[in-house]
Amino acid sequence: MLGLRNIKTTMIAAALVAGTVATSPPATAQESIYVPLFTYRTGPFSGSGIYIAEGMRDYLEMLNQRDGGIGGVKLALEECETGYDTKKGLECYEAVKDKKPVVINPWSTGITLPLIPRAAVDKVPVLSMAYGLSAAAIGDTFPWIFNPPATYWDGASMILNYIGEKEGGIDKLKGKTIGYIYLDAGFGKEPIPLLEQLAKDYGYTLKLYPVAATEMQNQSSQWLNVRRDRPDYMIMYGWGALQPTAVKEAVKINYPMDKFVSIWWASEDDAAAGGPQSKGFKVLNWHAVGDNLPAIADIKKHVTDKNLTQTDKSHIGKVLYNRGIYNSMLIAEGIRNAQKLSGKKVITGEDMRRGLETLNIDAARYKEMGLEGFAGPVKLTCADHNGHFATYMQEWDGSKYVKVSGDLKASMDKVSPLMNAAAKEYTEKAGSWPKRTEACDKAS
Amino acid sequence: MDILYKIFIDPFMQMGGAPDLLVQTLWEGLVAGMLYALIALGFVLIFKASGVFNFAQGIMVVFAALTLVGVYDLLRGAGVPSGWLAAYLALAIALGVMGILAFAVERVVLRPLVNQPDIILFMATFGLTYFLIGFGEFVFGGNPKRMIAGELNLPSGAVEFKMAGGFVAMQKIDIAAVLIVSVMVAGLSFFFQRTRIGRALRAVADSHKAALSVGISLEQIWVVVWFAAGIVALTTGIMWGARSEVSFSLQIIALKALPVLILGGFTSIPGAIVGGLIIGIGEKLGEFYWGPLLGSGIESWLAYFIALLFLLFRPQGLFGEKIIERI
């Protein structure tokens, strides 16, 4: 008969074994393509991360359920929880890299940056969709990094162009004060060199309001400074709890919400946090919002209605859920391309790099995918891993976002020289940065 | 000379030039300070009773607030009409859950570790933290939630005063926070100074052995004090949650209590209050008037700087006693 101590020991051992099994990745069958998804459904940034994780996983799961994967090969999906923590993200990378992932989606600029030099060594492309290092758009220098459809620098330039348009011309920015409130981390700091350069070029005064991750819910000082400085416009690069708090604080100091513009990460929840007074808050976007698309109907039919997901059904069609779908659409198209180019069903990271580099998604292809009108065309090349595609401005009307602009393009005459200089500086700092040896495919 | 002017003259010129902004900054500092004090109070209560620095206090704030809004949603789902009835029922249940947590902590964590070194108890609170994070996420999910401030009849909107050509705006929820925290502190002070259990707690704080020898039940005191810390955590969660949202990022706010504790001492309730106010007002003034000189965003470390500066002159903290030991 077991003694109490033995029972306790046995139970602990059983729990440990059960825990090991529960946290083990799903067995990747011989005939499958391994796609790890770095997500954060927990922690301080889960408010943004959950939507993304849901959209990203549901789309790929839908392809598995509806089509049996891509090109007849199932996708082996595995989430790794990073908590938007760089250290945990790198642990996730170490945990998945030996399982032959075809692509890494870090979903954090902080995680992306240390992966940039590793990608070429480990032969795993990194897809940092509209985040990460802006200069990584230069494919000749960073052949393993892809960041379509626009960089953070493009976003900053687009917002300034939008403001210029509202003011009656970009020259009207002269003498204006533009405030920049941002997460004081790699992501938020990313556009500062461009904003500073454009301040010199356009003649506006730039005021910086950094918010440390520990102070995301405690921004009264920053907004007191805003009240004192009275910037003509406020630009926000926020994430997680920073965004709803900023909207609330802006409302609190009676900042004119129609002059408060965010990069593309603010969700409906973030805008709604300020109550009815947050009407007019503006956010960049490049894809449709809502669930009125055949592909999303398929997600409901094949995934959510069958309870094959943790997704909260009320999230479907929200801006960040659809952002997750967009990210996975790029992955899926990259895999399809790679299969065509390599002639293999089960592709490798190297094949995937070629597939991403030859992405060419036009209106007809969107229609075939059940995503007609979802977003603009995406065409990447060996030299350009981003595309610097247009976005549009959406405005919060109190209950939903409404499109309030036409296509917004970055001023590439301003952005490109800085991007080239930044890429050069990056490779010089790295010491011995390898020259590109990867061949270009014909489609590029 | 320019830098000296910017440090020693310009900020005071700004204060005189725009008194409305000075009053606004002081008000924001007062509100933040009261809320920091409330978090610090949770740490102090447990430290006084058991000598344990409760690392789990931050997650207790999140757990309490999530329980409140989670139970409210459950009640609505069960057919209880939205509004004050469901909100107050949820509040009562959340208090009950914090009571059960206190009991469970005493039974499962503290009792088996009696007479173990303090560091072991401290590490146990680490374990408790990660258990509560996982358990909270398992039960309530990671989605941020809206605090049911309106349903609890907490006020919304702002009161504005005109002042020297400008204005001072006070959010009604902040006024409520200051009042509630004041009442709570007064209540806790009365409880610990004037009641039998309070005196017993102070006896336990002075010496476990002496307290045991006069028949004071350590177990009972621990349950009471962890429950009191749970009530403090729930109040903190409601107030911070109403200012932002109820999410796991709230636990980071608890870090703000550390400089308050350094300043006020780990065992002094008045120390927590005065320390909270000094840190709250100090960091807001520092960030607003001197922050731009250092590129802004100095708030996160300024609190520690203020605390360390005080310690330079008063190493025992604000209300601590000088400990002189014969060697």
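**Domains, chain contact and a buried strand residue**

In this predicted model, the centres of domain 1 and domain 2 of chain A, taken over C-alpha atoms, are separated by 27 Å. Domain 1 covers 30-150 + 289-381 and domain 2 covers 152-285 + 392-412 of chain A, with bounds that come from an automatic or database domain assignment. Where the two meet, 17 residues of domain 1 of chain A and 21 residues of domain 2 of chain A take part in the contact (C-beta atoms, placed from the backbone, within 7 Å). On the domain 1 side, α2, α4 (109-122) and α12 (319-342) of chain A each give two or more residues; helices here are DSSP runs of H or I with at least four residues, and strands are runs of E with at least two, numbered from the N terminus.

Turning to the partner chain, 29 residues from chain A and 28 residues from chain B make up the contact. On the side of chain A, two or more residues come from each of α2 (46-67), β6 (205-211), α8 (220-229) and α9 (242-252). The largest share, 5 residues, belongs to α8(A).

I145(A) lies in strand β4 (residues 145-146) of chain A, and I145(A) is buried because 26 other C-beta atoms lie within 10 Å (20 or more count as buried, 12 or fewer as exposed, and values in between as partly exposed, with C-beta atoms placed from the backbone). Leaving aside residues up to four places away in sequence, I145(A) touches I116(A), A119(A), V126(A), S128(A), A136(A) and H385(A). I116(A) is 29 residues from I145(A) in sequence, yet 6.9 Å away in space, C-alpha to C-alpha.

Residues are numbered from 1 along each chain as its sequence is written, while chains are lettered from A and ligands numbered from 1 in the order in which they are written. Local features need pLDDT of at least 70 and side-chain atom pairs count only at pLDDT 80 or more, whereas totals for chains, interfaces and linings use all residues.
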